[in-house]
Amino acid sequence: MADRIGQQLGDYRLIRLIGKGALAEVYLGEHAQEGTQAAVKVFHKRLEGEDAERFQEEALRVARLNHPHIARIFGYAVEEGVPFLAMDYAPNGALRSRFPRGDPQAPGAILPYVWQVADALHYAHGQHLVHRDVRPENMLLDARNEVLLSDFGIGAALQSSSYQMAQEIVGTATYMAPEQIEGQARPASDQYALAAIIYEWLCGVPPFEGSAKEVMAKHLFTEPLSLHGRVRTISPAIEAVIMGALSKDPADRFPSAQSFAAAFDEACQAVPVLLFMAPRVIEPPEPEDEELAESTQTMSAMQAAPDEPDAPAVLDVPAAPVLPIILAPPPSSAVSPSANPARWPMNPEPIVVTPKPSFSGPGAPPAGEPPPPFDKVTRGASWREVNWMPPATRDPAPLFQPLEEPRPLISRRTILIGGVAGLTVIAGALTWMQISQPRGAAPGSVGPATTNTPRVTPKPARTPTPKPASLGTTLFTYHGHSGFLRGVSWSPDGKRIASASDDHTAQVWDAFSGEQPLTYKGHSREVMAVAWSPSGKLIASGGKDQTLKVWDAITGKTLHSFDFGHWVMALAWSPDGKHLAAGSWDYTVQVWNTTTWKRVHNLNAPGWVNALAWSSDNIHLVSGDGAKVAVVWNISTGGKILTYRRHTAAVLAVAWAPVGNQIASGADLPDTTVQYWNRLNGARLWSAKMETPATSLAWSPDGKRLAAGGGSASLLNPATGAQLFTYQGDGSALAWSPDGKYIASGGQPTTVQVWQAI
């Protein structure tokens, strides 16, 4: 590298060296006529011919940018093969020196810089220019300590097909988006890089470390370690935003860099301002078994990369209060931090619903008709007869699935902290799905409804069973249905139960007397799922008529109706009641804002969706589907957080623990296991083999027991998976009472039993 002090490039005389890197040296330059100062960046690579023209074309595009947080380019040229730029001089260096690696920062300290960088990127993207090299070294600080983002696309302009320095890859791979590694950079790639930088600022280390090859492979195939697991003061809300922007698929990230900054701002405002304390380093826990140890591998032999280093140490900081918040999808319009904008609206614009076509191809059922049976289940007389799967050629699971890195588990103590005055626990239970079952209705069964007008059918009151009773005692049996029981849901006040059946009805009845104030006949085919809203005012139901209905829990009047492309099999209200999710066999999870009843997400699942469950913070949703996986979604972004792949058959049931990051999932034949795992890293905590397929799962409100149903209903210890009690009645559909004392279960016998659960 030549010493260029005293030389003149273009109009600038080089005074002194102020910085250098793998691509270039930066000198303080002085204009020969005007005496003004500029930073002159002199690149090491010599350019000739087409490469020189390409460099100047790219420099011209950047020079046309005019934004307060983008470094201006005053001049550029290639002199005797030496390319250079003259640009704004930033006397206070780069953000790399202000926020060095290994020094975690409080969210509030970095928030102003996040906004400034996001503003610059948003503007550049509007000018059809992708930065492609967002990193702290390119975030310069001017005399007012405000960001000047530099080096838009210049590094890429210096790379021809025959030139790519290993040092350049090392310098950028740390923050490079997966699609950019594959040569498909786009605006969302810059958002990914900014999220990786914020990740590093918050916990002191970047999402991935290692050689350039190792880091790029991890960007492509591995999920980052949990931020909250590294630094306990980072709230789940902040982590959700960062992980959303770090989604592997660019379509799953925020609509723009500004909407990402707005979501990060929103999450930062939701937690109290705290003194940031120096972390104490502790070692991560050792895996408890061989399967859990297997999940700690992060590189596949197919990638031919060296083994990973040991997992980074966990930062243990005195826990701060964590308040649950809701992050609604951000708008596409820009939000300016300088104007102290209002938070992005909770009611985004509607999305046009376009039902997907029914399955097609060999072996597919006619449109709207139930699929043909292919297997007979013999274990458990009360179990269903049919379990049809679409052709194996539809969306097959890839042969190679890299394993996620291990992440420290977050204890319940971490969540229940800081004097938070109790957490609201959802009383309604998970809605059970049933794929296909010959109706076999008894004489007198209710046929297809000819009208969507609900009919109120009063029933005589029955005498409640005396209490108290012992564990497993059947207190009451409801006989109001004439078809297979598909789902049950308890009202939030604990007085009534809603049940769904193959008899085309959903019924509402008194939990202990059987008095039936309402029979809802808004569906024209089997009702597969029913869910009571947390407010107790609404009930949602879905079925094989390919519709989702929302109706008044008192009068039965249909308030909203939504059409799908196939059967609606699963429903779940968010704990705060502000969102309703529905899963269908059209491979979608659709989410509605229940204030406006506008659809806010149409999530593409790997397979047909059988089950849904919300997290207690209202931010995450887990779905179980026919592709043998459970998928964790971030509802603030609509992106996938994690895909759990430990089942060997279709996932029929999912249930999120009332507090924390633990999820239970149950599978069909031949798997028939209930598995308990951590949503942060997919690490399996235990697996319990059931006698029949696990078709329904429901947590007790206190989180101390897990009910698992199929041919019978079992109570499991969530700490170990050990079976505590078995109820011999059919448990195909399960729901806990809000007080945690009783369980409603039903299935094959067309009845619902209410039994003592303590």
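Visitor: In which sense do β12 and strand β13 pair, and over how many bridges?

Guide: Let's start with the general idea. Strands of a sheet pair through backbone hydrogen bonds, and the pairing is either parallel or antiparallel. In this predicted model, β12 and β13 (residues 496-501) are antiparallel, joined over five bridges. You can find serine 489 opposite alanine 498 of β13.

Visitor: What is the strand order of the open sheet?

Guide: Its four strands run in the order β12-β13-β14-β15, and the pairing is antiparallel. At the edges sit β12 (485-490) and β15 (518-520), each of which pairs on one side only. On average, neighbouring strands of this sheet are turned by 20° against each other, direction ignored.

Visitor: Now to helices. At what angle do helix α3 and helix α7 pack?

Guide: Two packed helices are described by the angle between their axes together with the distance between the axes. Here α3 (residues 107-126) packs against α7 (residues 187-203) at about 170°, and their axes are 11 Å apart. Because angles over 145 degrees count as roughly antiparallel, α3 is roughly antiparallel to α7.

Visitor: Which residues in α3 and α7 meet?

Guide: From α3 come Pro107, Ile110, Val114, Val117, Ala118, Leu121 and His125; α7 brings Pro187, Asp190, Leu194, Ile198, Trp201 and Leu202. This contact consists of eleven nonpolar residues, one polar and one charged.

Visitor: And for the whole chain, how many helices and strands are there?

Guide: The chain has 13 helices and 38 strands. Of its 758 residues, 59% are buried. The accessible surface is about 29,200 Å², with 53% belonging to carbon and sulfur atoms.

Conventions: Residues are numbered from 1 along each chain as its sequence is written. This is a predicted model: local features need pLDDT of at least 70, side-chain atom pairs count only at pLDDT 80 or more; totals for chains, interfaces and linings use all residues. Side-chain values use heavy atoms; hydrogens and water are left out. Helices (H or I, at least four residues) and strands (E, at least two) are DSSP runs, numbered from the N terminus. Buried means under 20% relative accessible area, exposed over 50%, partly exposed in between (1.4 Å probe, protein chains only). Accessible areas come from the Shrake-Rupley method with a 1.4 Å probe; for residues, only the protein chains shown count as cover. Two strands pair if DSSP finds at least two bridges between them. Axes are lines fitted to C-alpha atoms, for helices over the stretch in contact, and angles run from 0 to 180 degrees between N-to-C directions. Angles under 35 degrees count as roughly parallel, over 145 as roughly antiparallel, 65 to 115 as roughly perpendicular and the rest as oblique. Contact means heavy atoms within 4.5 Å. Ala, Val, Leu, Ile, Met, Phe, Trp, Tyr, Cys and Pro count as nonpolar, Asp, Glu, Lys and Arg as charged, and the others, Gly among them, as polar.
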